[in-house]
Amino acid sequence: MIGRREAIAEVLKDRPDNLLVISGLGSPTYDVAAAGDVAQNFYLWGAMGGAAAMGLGLAQARSDARVLVVTGDGEMLMGLGSLATLGAKAPANLAILVIDNEAFGETGGQTSHTGKTTNLAAVALACGFRQVATAHKQADVASVKQLVLEERGPVLGVIKTASDELPRVLPERDGHIIRNTFKTALTNQQ
Amino acid sequence: MRAEPFAFAAGDWRAEIFAALKKQQVRQMAYVPDAGHASLIRACHADGAIDCTVLTTEEEGVALLAGAELGGQRGVMLMQSSGVGNCVNMFSLLKSCGFPFVTLVTMRGEWGEFNPWQMPMGQATEETFKRSGFVVYRADTGEDAAAMTGSAMRLAYDSNCPVAVLLSQRLIGAKDF
């Protein structure tokens, strides 16, 4: 089984300067913060189902940046329709990375739809995503990293991971501070 | 997608709304279609500087325009009153982070409504917005609609708050079947 924190650390290791990351609520926010709490991360602590759509708005506003949405299977399932919206708009600079533990990890580990019948990579492909890839073992993570950081979007990677609970790494929780930190970093980059 | 050229029909008050959006430098428009917004949607699609996104559900538009604002672009969402309830939890994103947000809402379920299924959400629209922390305007004339759109953009983007402009069913005209 792939360790989620190690996998996200590998994807975000030596991240490009123009990479902007939005993390979905719950463990993906902790994973992204654990990999490096930088100003170019926008951490969601709520707004479940909105991460991918938020990524689209940001990607459309900043064609000079690469936007990566890191989220969980539960969050992605709640915004399943946004995969259709992304497919229709086909933003070249947007990638989605789903950390798929096939469970609602924050709420007691109840089995999610991906633990039953839903294949999120197949859904994305059917919505018009250019490429998708799924990592089932640690050795697959490098190719998923290459997909979500370098290939023409929209692309979606899935990392199948264990559903064990890890120590929480809690970044800033005040949304005003998160927003201002992120916007200031973008302004300074221009 | 290549934009079709578009011109508003004479007397279509949405032309003034569109002018207000252009004056306020709106760069992204997100929508779930409504007949009452049809000409405005076509005008935005025909405009080379406005990036239009059709949504599967209205809550996507709330998150989308928050993302646009992070990237430095102003946006507007067009929807019908029945879509407002779909957004409620996503509105917490606006409040939690202080995102500016503007939506223009065509009203159903109020003036001469034919479809009883439109009544519950139509009647709850204004209160839903207010309880979600929005400033709410209600336009009963085309002139008001354009002025309120301009004011809403300023309130949102200069004073960081979410604003809804309700375009009343009396203004739009009750739908006939």
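## Salt bridges between the chains

A salt bridge here is a side-chain nitrogen of Lys or Arg within 4 Å of a carboxyl oxygen of Asp or Glu. Going by that, the count between chain B and chain A in this predicted model is three salt bridges. One of them pairs Glu69(B) with Lys183(A), whose closest N and O atoms sit 2.6 Å apart. Polar contacts also cross the interface of chain B and chain A, in 14 residue pairs.

## What chain B brings to the interface

Three elements of chain B each supply at least two residues of the side that touches chain A: strand E2 (51-54), helix H3 (58-70) and helix H4 (91-97). H3(B) gives the largest share, with nine residues. Sorted by class, that side of chain B has 13 nonpolar, ten polar and five charged residues.

In terms of contacts, 28 residues of chain B meet 25 residues of chain A. Putting the two together buries about 2,000 Å², and carbon and sulfur atoms give 59% of that area. On the chain B side, the residues that lose the most area to chain A are Glu60(B), Leu70(B) and Cys97(B), together 27% of what that side buries.

## A look at chain A

Chain A has eight helices and eight strands. Its radius of gyration is 15 Å, close to the 16 Å that the globule rule gives for 190 residues, so chain A is as compact as a globular protein of that length. Along the principal axes, the C-alpha atoms of chain A fill a box of roughly 45 × 35 × 30 Å.

As for the inside, 54% of the 190 residues in chain A are buried. Among contacts in chain A with a separation of 6 or more, 73% link residues 24 or more positions apart.

Technical notes
Residues numbered from 1 in each chain as written. Chains lettered and ligands numbered in written order. Predicted model: local features only at pLDDT ≥ 70, side-chain atom pairs only at ≥ 80, totals over all residues. Heavy atoms only, no water. Contact = heavy atoms within 4.5 Å. Buried area = accessible area lost by both parts, 1.4 Å probe. Polar contact = N/O pair within 3.5 Å; in protein donor to acceptor, adjacent residues only side chain to side chain. Helix = DSSP H or I, 4+ residues; strand = E, 2+ residues; numbered from the N terminus. Nonpolar A, V, L, I, M, F, W, Y, C, P; charged D, E, K, R; others polar. Rg over C-alpha atoms; globule rule 2.2 N^0.38 Å. Buried < 20%, exposed > 50% of the residue type's maximum accessible area, 1.4 Å probe, protein only.
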